[in-house]
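Student: I'd like to learn how to read helix packing and cavities in a model. Could you walk me through one?

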Amino acid sequence: MKTEIQPQESNRAEAFSLWMSSPMPMVTLVKTLDVSRLVKVGRKSGIKFTPLMCWCIGKTANKMEEFFVLPEKGKLFRYDRIAINVIVTNRNGGINSCDIPFSDDLKRFNQDYLELTTKTANNCESSFLEDHMVIGTSAMIQTELDCIVNQYTDLFCNPMVMWGKYRKSLFKTTLPVSFQFHHVQMDGGQAARFLDNLQKEINATEKSL
């Protein structure tokens, strides 16, 4: 469910007054994650890397209250559910957007991921969950990337996690991740905590099988 709240009655009141009218309110943090265990889980479970990564993002965000509040068109809204957005290459060679509801059950989330992205690819139509706080993702796995800075539009204030191809070495596999967020939604310290907690969720993923 999506509910409008009064900014002055929330813990983001000061941030709203400072950043809502800013011409560039988005902030990007970059962190290199150790995804060795995620790759291992993928091999054991048969679940591909991208849905595993998306699930870890959703599980991390679901434990942080900042992800349930989002500024939109000069207003502030509270949500009670989270979804992960992925970009899907459709059967015509174009791209579409697909929202996947987060489930704490990894197998359920992966099933939804496969069904919804397949439907989006076949229908060549984007699908949106308007009553969910959506975390955008963009996985450009064709090449290794150090950092991604997304375009900003006031039509889309949602947080976004972006990455390229992971990097294998002798002892571990790493992945630079860019996290873009609206300053009204959270501060830098909270965003940094999200990235730290994301690493912890990645490390603990094997327990969810």
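Student: Which residues in helix 3 and helix 4 meet?

Tutor: From helix 3 come Thr-50, Pro-51, Leu-52, Cys-54 and Trp-55, and they meet Leu-106, Phe-109, Asn-110 and Tyr-113 of helix 4. Contact here means heavy atoms within 4.5 Å, and helices are DSSP runs (H or I, at least four residues; strands are E, at least two) numbered from the N terminus. Sorted by class, this contact has seven nonpolar residues, two polar and no charged. Nonpolar covers Ala, Val, Leu, Ile, Met, Phe, Trp, Tyr, Cys and Pro; charged covers Asp, Glu, Lys and Arg; the others, Gly among them, are polar.

Do keep in mind that this is a predicted model, where local features need pLDDT of at least 70 and side-chain atom pairs count only at pLDDT 80 or more, while totals for chains, interfaces and linings use all residues. Residues are numbered from 1 along each chain as its sequence is written, and side-chain values use heavy atoms, with hydrogens and water left out.

Student: How is a pair of packed helices described?

Tutor: By the angle between their axes and the distance between the axes. Helix 3 (residues 49-61) and helix 4 (residues 106-123) have axes 10 Å apart, at an angle of about 125°. The axes are fitted to C-alpha atoms over the stretch in contact, with angles from 0 to 180 degrees between N-to-C directions.

Student: At what angle do helix 2 and helix 3 pack?

Tutor: About 125°, with axes 10 Å apart; helix 2 spans residues 36-45. That makes helix 2 oblique to helix 3. Leu-38, Val-39, Val-41 and Gly-42 in helix 2 touch Phe-49, Leu-52, Met-53 and Cys-56 in helix 3, a contact of seven nonpolar, one polar and no charged residues.

Student: How many cavities of 30 Å³ or more does the structure hold?

Tutor: One. A cavity is a set of points on a 1 Å grid over the protein atoms alone where a 1.4 Å probe fits but cannot get out, and lining residues have an atom within 4 Å of a point. The largest cavity holds about 40 Å³, the space filled by probe spheres set on the points. Its lining includes Asp-146, Trp-163 and Val-177. Strand 10 gives the most to that lining, with three residues.

How values were computed:
1 Å grid on protein atoms, 1.4 Å probe; cavity = no way out; pocket = protein on both sides within 12 Å on 5 of 7 lines; lining within 4 Å. Parallel < 35°, antiparallel > 145°, perpendicular 65-115°, else oblique.
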